[in-house]
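Visitor: Could you walk me through the aromatic rings and the nonpolar packing here?
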Amino acid sequence: MNTREEKMAQFSRLLDIMDSLREKCPWNAEQTMESIRPLTEEEVYELSDAILKGDSDEVSKEVGDLFYHLVFYAKIGEEKGEFDVADCIRKVCDKMVFRHPHVFGAEAGKAMSAKEIADTWELVKAKEKDGNKTVMSGIPSSMPALLKAMSVQEKARGCGFDWQRREDVWDKVKEELTEAMEAAAGDSREHALEEFGDLMFAVINAVRLYGFDPEAALGGACEKFRRRFTYLEENTLKKGRKLSDMTLAEMDAIWDESKAKGL
């Protein structure tokens, strides 16, 4: 592993490269925070993919790409006279020190389990100067709905608002399923949409309460469907036919084959 000096040297090199690119590269020079935001989102997903694959070399590369983007935002802020990279790092350092009193504060050395820390996290955050006015106000509006559902549930849990027994959540899931079915049979699309949302929110809650990641669970289901559908498509083409020419029963038979093969 690299020494502290080497780490600082490489970070300094990145800052120098960013300065040069903003000055000498036409594409980099014309970028704004708004223009690189979608690219940053893409980089985050690429990092996520690398982590899920367990590819350490790829994770290292994607972390570097994300570092570049963060320095990019800081550079633009500096050019506007609003903030620079030191301000960004200082703020996150101050925040982490404040949020970990059991490590840095008066409670340093106090024995706390990871669960106890997680359970009091939102309460500690609420004490921050210039922090979020409410527990939920810190959740980004642009966050994808599945992640947002997980976030609001976790924030509520951090304040003690959660199911006492995880088994009780199934009654809520059943209740929301019944309401969604009734609404879907009705005439109001707006009401049906609302009830479908409530059902999905309840299912995500159940997944969370049982200690699983809803994103991973749904992602796995999507990948499984893709594998089986690809098998269906490939085997249909082998027979010289198109999916559009097959009956649902014929497609179901090949679909069952894919399941039998463990796809």
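Guide: Rings of Phe, Tyr and Trp, the last taken by its six-membered ring, count as a pair if their centres lie within 6.5 Å. In this predicted model, Phe225, Phe229 and Trp255 form one aromatic cluster.

Visitor: Where do Phe225 and Phe229 lie?
Guide: Both are in helix H10, four residues apart, which is about one turn of that helix.

Visitor: Stacked or tilted, that pair of Phe225 and Phe229?
Guide: The ring centres of Phe225 and Phe229 are 6.1 Å apart with the planes at 15°, and since planes under 30 degrees apart count as stacked, the pair is stacked. Phe229 itself counts as partly exposed, with a relative accessibility of 33%.

Visitor: How many aromatic pairs does a search of the whole structure find?
Guide: It finds four. One of them joins Trp170 and Tyr210, whose centres are 5.8 Å apart and whose planes meet at 45°, so this pair is tilted. The pair links distant parts of the chain, 40 residues apart, with Trp170 in helix H8 and Tyr210 in the loop between helix H9 and helix H10.

Visitor: Buried or partly exposed, Trp170 and Tyr210?
Guide: Trp170 counts as partly exposed at 40% relative accessibility, and Tyr210 also counts as partly exposed, at 27%.

Visitor: Switching topic, which residues make up the largest nonpolar core?
Guide: That core has seven residues, namely Leu14, Met18, Ile36, Val71, Phe72, Tyr73 and Ile76. Helix H1 and helix H4 are the elements that give two or more residues to this core, and H4 gives the most, with four.

Visitor: What does Phe72 touch?
Guide: Leaving aside residues up to four places away in sequence, Phe72 touches Met18, Arg22, Trp27, Asn28, Gln31 and Ile36.

Key:
Residues are numbered from 1 along each chain as its sequence is written. This is a predicted model: local features need pLDDT of at least 70, side-chain atom pairs count only at pLDDT 80 or more; totals for chains, interfaces and linings use all residues. Side-chain values use heavy atoms; hydrogens and water are left out. A nonpolar core is a set of buried Ala, Val, Leu, Ile, Met, Phe, Trp, Tyr and Cys residues joined through side-chain atoms within 4.5 Å. Buried means under 20% relative accessible area, exposed over 50%, partly exposed in between (1.4 Å probe, protein chains only). Contact means heavy atoms within 4.5 Å. Rings of Phe, Tyr and Trp (its six-membered ring) pair if their centres lie within 6.5 Å; planes under 30 degrees apart count as stacked, over 60 as edge-to-face and the rest as tilted.
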